[in-house]
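Some questions and answers on how the terms apply to this model follow.

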Amino acid sequence: MSSNVRFTDFKSDAQPTWCPGCGDFGTMNGMMKALAETGNSPDETFVVAGIGCSGKIGTYMRSYALHGVHGRALPVGAGVKLANPDIEVMVAGGDGDGYSIGAGHFVHAVRRNIDMTYVVMDNRIYGLTKGQASPTSREDFETSTTPEGPQQPPVNPLALAFAASGTFIAQSFSTDAQRHAEIVKEAVEHDGFGFVNVFSPCVTFNDVDTYDYFRDSIVDLAETDHDPTDYEDARSRILDPGTEYQGILYREEDSVPYEESHGVDADMTDIPDGAPEDATDLVRE
Ligand code: SF4
Ligand code: MG
């Protein structure tokens, strides 16, 4: 861990091609701030991203990074963490990437509880492919492929994580910079799988779930009597579809990460002499 890292150290030289005003800028800034404030440095951090506008983040941040295939960032992140438990792993994706094609990986990554962070830029639309309904789009959200709306209730990602025995379930708003960074920071510090669903508006294709909508709707749990360690309290808020909460919905105090409960403490990058050759021989036979 490094003590004098600034969040700008996590910025790469690449110029983001996100549309001006896209929520992903704020989401990324908060991630960089959270990493710096938890004492990580770019050379101790691995960012794995999927496909979509959100998937570009690994290019814009300075760290080890891998831009994976659609919906498959989480298993890659899990592999990185298990191969080198000392590295800070942050997986990023979008609502299409994470809750549609990647939904299976999401549920199993949550229940495995590996010590890593998953940040989802939830703009309730497919942005990169120019505005189709995503798993979190509203039932009546009209798009070119859903002219009368999807006519299905949106996926509730918090409930999915809760049902899969998630140990840290939170939600934030990308433009509420300080609060968003604080929440991601807590996810990074959590011993286990830290999941943050981030309202990250798409200013180009979603004219319903806008900055104004979220500003007017969000209820910050820090201003309520919510106790994130109270299972029943968390359950009732997570299953409340009418309220856009910001904050930590649920945190299991006794969470034990997979690495600890399964004794994965060896650094597999430290491969003993001869092992790779033996392994190659097996493949050749
Ligand atoms: Fe952001 Fe939407 Fe533009 Fe994609 S299309 S960069 S999500 S504003
Ligand atoms: Mg999306």
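Q: What makes a residue one of those around ligand 1?
A: The residues around ligand 1 are Trp18, Cys19, Cys22, Asp24, Cys53, Asn123, Gly127, Leu128, Cys202, Val203, Thr204 and Phe205. Each counts because its C-beta atom, placed from the backbone, lies within 6 Å of the ligand. This is a predicted model: local features need pLDDT of at least 70, side-chain atom pairs count only at pLDDT 80 or more, and totals for chains, interfaces and linings use all residues. Residues are numbered from 1 along each chain as its sequence is written, while chains are lettered from A and ligands numbered from 1 in the order in which they are written.

Q: How does the shell around ligand 1 divide into nonpolar, polar and charged?
A: Eight are nonpolar, three polar and one charged. Ala, Val, Leu, Ile, Met, Phe, Trp, Tyr, Cys and Pro count as nonpolar, Asp, Glu, Lys and Arg as charged, and the others, Gly among them, as polar.

Q: Why does the radius of gyration of the protein chain agree with a compact globule?
A: The rule is 2.2 Å times the number of residues to the power 0.38, over C-alpha atoms. For 285 residues it gives a value near 19 Å; the chain has 19 Å, so the two agree. The C-alpha atoms fill a box of roughly 60 × 40 × 40 Å along the principal axes.

Q: What share of the protein chain counts as buried?
A: Of the 285 residues, 47% do. Buried means 20 or more other C-beta atoms within 10 Å of the residue's own; exposed means 12 or fewer, and partly exposed lies in between.
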